[in-house]
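Me: I'm new to this one, could you walk me through it?
Reply: Gladly; have a look at it before we talk.

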Amino acid sequence: YGGNTPLHYAATSTAVGPRGRGTVQALIDEFGANPTVKNSLGQTPYDVATSDSIRQYLLPIQLQRETQEAIDAGGYSLPPGIDMGGLTISRAPVAPPPVMSMPPSPAGAGGGAAGGEN
């Protein structure tokens, strides 16, 4: 057992591709498993993952969750020696970033000559 959660066990799956990663995704997305929980050896599911696919899926989620936890704690949950440089976190709601889209292409642009002069 060693303090492993179901997510730790799923992360050690030897199934390759979507099958192995699918269980990990379901545990996080559908059941709310926390990817930052450590076992008795201080290892997260990412640390014990055996597949690159699972590790690539877990890493950004773990980093986002750890960062949010540190911000929520005012930087107090950061490892010793790391601080937020005097940064204060505003709790005011922030609008989401704008979505950038490609401008529409001009009519007739496509390289064809339609009714041009000779």
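**A first walk through the model**

Reply: A place to start is His8, which sits in helix 1 (residues 6-11), where helices are DSSP runs of H or I with at least four residues, strands are runs of E with at least two, and both are numbered from the N terminus. This is a predicted model, in which local features need pLDDT of at least 70 and side-chain atom pairs count only at pLDDT 80 or more, while totals for chains, interfaces and linings use all residues. Residues are numbered from 1 along each chain as its sequence is written, and side-chain values use heavy atoms, with hydrogens and water left out.

Me: Is His8 buried or exposed?
Reply: His8 is buried, at a relative accessible area of 1%; buried means under 20%, exposed over 50% and partly exposed in between, with a 1.4 Å probe and protein chains only.

Me: And what does His8 touch?
Reply: Leaving aside residues up to four places away in sequence, His8 touches Val37, Lys38, Asn39, Gln43, Thr44, Pro45 and Val48, where contact means heavy atoms within 4.5 Å. Thr44 is 36 residues from His8 in sequence, yet their C-alpha atoms are 7.1 Å apart in space. As for Gln43, its backbone oxygen lies 2.8 Å from a polar atom of the His8 side chain.

Me: Switching topic, how many helices and strands are there?
Reply: The protein chain has four helices and zero strands, giving the pattern α-α-α-α along the sequence.

Me: What about helix 4, how far does it reach?
Reply: Helix 4 covers residues 52-72, and its 21 residues reach 30 Å from the first C-alpha to the last, close to the 30 Å expected, the expected span being 1.5 Å times one less than the number of residues.

Me: Where is the kink in helix 4?
Reply: The kink, of about 25 degrees, is at Leu58, shortly before the proline Pro60; the bend at a residue is the angle between axes fitted to the seven residues ending there and the seven starting there. Leu58 is also among the buried residues of helix 4, which include Tyr57 and Ile61.

Me: And what is found at its ends?
Reply: Ser51 caps the N-terminal end of helix 4, with a side-chain oxygen 3.1 Å from the backbone nitrogen of Ser53. Just after helix 4, Gly74 takes a positive phi of about 70 degrees.

Me: Last one, what is the mean pLDDT?
Reply: For the protein chain the mean is 78, and 66% of the residues reach 70 or more, pLDDT being the predictor's confidence in each residue, from 0 to 100. Where pLDDT is low, the predicted coordinates should not be read in detail.

Definitions and conventions:
Polar contact = N/O pair within 3.5 Å; in protein donor to acceptor, adjacent residues only side chain to side chain.
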